[in-house]
Amino acid sequence: MKRQGDKKEILVWDRATRVLHWTLVTLVVLCWLTAEAGSTWFWTHLVAGYGVLLLVLFRLVWGLMGNRHARFSSFVCGWRDVREHAVALLALTPPGHVGHNPLGGWMILTLLTGLVVLVVTGLFAADDEVAGAYAVLIRPGIADALAEIHETLYSVLWLFVALHIIGVLSISLLGRENLVRAMWTGSKRIPSDNPETDAAEPSTARYLIALVLAAIGVAAVIWGAPV
Ligand code: HEM
Ligand code: HEM
């Protein structure tokens with residue numbers, strides 16, 4: 001913890017949360033870039049897609065095992081908190097939050113759920129040239145429809161990503177706190193009289209357990225596919 005005048009700098013986001021966020025952004029962009037790759041290069045889309053699955057599973061485990069700001073219990077709030085935050089935001093006076101704010105918390109769950117649904121629809125999708133590993137289990141007409149749904153969901157995801165970025169930038173401007181920098185460095189500057197202190201950086205063992213659990217999930221999806 002560093003003190004600078006009437007502000008202090010504390011660690012908020014652990015390493016996993018930060019690395020996961022920027023890797024997730026990269027892989028989602030890669031999924032988009034590789035989507036039209038054609039049958040020869042379609043494996044790149046699959047690698048990026050399974051990568052997204054690994055990160056989302058890791059994030060779900062991390063929501064139970066991560067540092068105090070990464071845990072779901074710290075940012076998944078009830079309707080009353082969400083409404084209060086939305087009203088304050090509309091009045092351009094959002095209250096400061098060291099971790100995710102109540103509205104942001106639900107946006108995070110929406111983005112993660114959207115990615116899970118994208119992966120699941122992708123696994124069952126098929127068109128003339130390419131198919132997900134589970135598409136053989138269902139009728140071709142349904143696999144075709146799932147390919148359409150997969151594509152439409154991707155456009156819907158962009159809409160939520162745009163809202164997410166608008167939310168991050170507006171809270172940064174109104175709260176005079178660069179949230180993007182915080183997601184990169186892990187630290188935030190808060191008033192010195194705020195009782196919050198540095199959040200813990202979880203142990204290597206904890207990182208490994210979460211990674212192994214997420215990897216088991218991806219392996220089960222890959223090896224469970226019909227041949
Ligand atoms: C594909 C695009 C994106 C996805 C899927 C995404 C997803 C997420 C997720 C899941 C979180 C929660 C982090 C956690 O607790 O694990 C998050 C937080 C955050 N994201 Fe993104 N994000 C995307 C793009 C961006 C971009 C382009 C920016 C930069 C402008 C950004 C800035 C942030 C910030 C600053 C936070 C922390 C918000 C806070 O302080 O509460 N994100 N994002
Ligand atoms: C393991 C996970 C995934 C699998 C198996 C998969 C599979 C597929 C398949 C079979 C198609 C071809 C369907 C078609 O041409 O309409 C496709 C297209 C596409 N996928 Fe995925 N996908 C996965 C993950 C993702 C993810 C995570 C995203 C986005 C974040 C994504 C975005 C897209 C897009 C934008 C298309 C292009 C649709 C089009 O323009 O035709 N996919 N995917």
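**The ligand and the core**

Modeller: Helix α1 gives the most to the shell around ligand 1, with five residues (helices are DSSP runs of H or I, at least four residues, numbered from the N terminus; near means a heavy atom within 4 Å). This is a predicted model, in which local features need pLDDT of at least 70, side-chain atom pairs count only at pLDDT 80 or more, and totals for chains, interfaces and linings use all residues. Residues are numbered from 1 along each chain as its sequence is written, chains are lettered from A and ligands numbered from 1 in the order in which they are written, and side-chain values use heavy atoms, without hydrogens and water.

Biologist: Which residues come nearest to ligand 1?

Modeller: Of the 18 residues around ligand 1, the nearest are His 21, Arg 59, His 100, His 164 and Leu 179.

Biologist: How far is the polar side-chain atom of Arg 59 from an oxygen atom of ligand 1?

Modeller: The distance is 2.4 Å, and for a polar side-chain atom of His 100 and an oxygen atom of ligand 1 it is 2.7 Å. A side-chain N or O atom of His 164 lies 2.8 Å from a nitrogen atom of the ligand.

Biologist: How do the shell residues divide into nonpolar, polar and charged?

Modeller: The shell around ligand 1 has 12 nonpolar, four polar and two charged residues (Asp, Glu, Lys and Arg count as charged).

Biologist: Now the core: which residues touch the most other members?

Modeller: In the largest nonpolar core, of 36 residues, they are Val 28, Val 52, Phe 58, Trp 62, Leu 115, Leu 157 and Ala 210. Such a core joins buried residues (under 20% relative accessible area, 1.4 Å probe, protein chains only) through side-chain atoms within 4.5 Å. Helix α2 gives the most to this core, with 10 residues.

Technical notes:
Polar contact = N/O pair within 3.5 Å; in protein donor to acceptor, adjacent residues only side chain to side chain. Helix = DSSP H or I, 4+ residues; strand = E, 2+ residues; numbered from the N terminus. Buried < 20%, exposed > 50% of the residue type's maximum accessible area, 1.4 Å probe, protein only.
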